[in-house]
Amino acid sequence: MSTSLRGIANRARKDKKARFQNLYRLLDEENLRVSFYELRKTAAAGIDKVTFQDYENNLEERLSNLVERLKEKRYRAKPVRRKYIPKADGKKRPLGIPALEDKVLQRACAKTLNAIYEEDFLECSWGYRPGRSAQRASYELERALHRGKYGWVVEADIRGFFENIDHDWMQRMLEERVDDRAYIRLIRKWLRGGIMEEDGKMIHPATGTPQGGIISPVLANIYLHYVLDRWFNKVIKAESRGAIYLIRYADDFVCAFQYREDALRFKRELPTRLKKFGLEVAEEKTKMHRFSRFGGGDNGKFDFLGFEFRWVKRRSGKRGVQRRTSVKKKRVSIANFSQWIKENRHKPMAKLMRIVSSKLRGYWNYYGVRGNMKSLSQVNHECKRLLFKWLNRRSQRRSYTWEGFIDMLKHYRIPRPCITEASQDPQLKMF
């Protein structure tokens, strides 16, 4: 962290009511240069088709020109190029790809906002924050449910969250900590910037922030910090008779309650709270479950961050919360691998096996949590079966016997399933 950002973070930590001025002046050539080299070099180009290498070729002149336009208030945000990514349920997720110059500025602004709001965000907030991975969040939820007195769980989802962020509310929330009109106007330019669809049609949405923009994650966290996190910890906690717990990763969140009436009250009041800020509960994804050490056959199960959570009886005879790959995610991962190997089986074996190793290693690194070995083995078995099938269709002649195929996997050192999660809690090692 730079000296200026460290100073901002220290002040934000010491004075919870401090409002920061002169943030706009931090957008100088030195900070923008650092932000530029923090961008991913191979990222897709935006609407202007300028790549990282193109911008780097004349970097100093481009940055000088950008800073001059900022000082003279001549900077204009370019429309975002929209791309749609297939989702597991067959729908498509909209992804916004900003122009490279906008990425540089957004990166610089995001670092400043993170320096301020990291001192404000609550423990329940996990998504898009340094040192707070999705796997670690799933572990914290497992530990809380295992240790706590909770008997009911509400899993919830916000419908089209990134597309429905209210710009006026967003500005009011930022102004709680930012007292710099030029800085706020800059952020509003990105919020109000046009979106070019894949068919070339230009739209100008009145709400939302493009999912995929560099500054979108921190803005989303700020929005839900005020809409959900503080409300839950101040209002819902005061109204509840028993223990309650919230964990949120971006716009996905799970709440646990000791008593059923507290869970019902929260589930009833949540739509009204979200509606006030232009948001809506996804009813089909919002459910309440019995979830208790003493629930027995009445216990439910739920998914969060790609894991399924449920109470099980261990070999020791004790009951504990198990975290395993959700059935839907496992099915989608296998289907995606099948499609990929079918389309890429013609590639040279050395290159193909390097990619296979990378895919499997990434999967084991994320889903390799305690108690999930059975699911990992199932995925490994299916991926090997599909690999064997499609490698034998590279030509009209059969390429491998099963024994020869296994030897080939050993030769290329294809990683086997393993538990990669380090034990965070000695009391849970027994499980």
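Does Glu 140 count as buried or exposed? Glu 140 counts as buried because its relative accessibility is 12%, where buried means under 20% relative accessible area, exposed over 50% and partly exposed in between, with a 1.4 Å probe and protein chains only. This is a predicted model, in which local features need pLDDT of at least 70 and side-chain atom pairs count only at pLDDT 80 or more, while totals for chains, interfaces and linings use all residues. Residues are numbered from 1 along each chain as its sequence is written, and side-chain values use heavy atoms, with hydrogens and water left out.

**Glu 140**
- Leaving aside neighbours within four places in sequence, Glu 140 is in contact (heavy atoms within 4.5 Å) with Trp 126, Tyr 245 and Ile 247.

**Helix α10**
- The buried residues of α10 are Asp 262, Ala 263, Phe 266, Leu 270, Arg 273 and Leu 274, and they pack against β3 (152-157), α9 (216-239), β7 (252-257) and β8 (287-290).
- Just after α10, Gly 278 takes a positive phi of about 80 degrees.

**Whole protein**
- The secondary structure comes to 14 helices and eleven strands.
- Of the 431 residues of the protein, 48% count as buried.
- Along its principal axes, the C-alpha trace spans about 70 × 65 × 40 Å.

Key:
Helix = DSSP H or I, 4+ residues; strand = E, 2+ residues; numbered from the N terminus.
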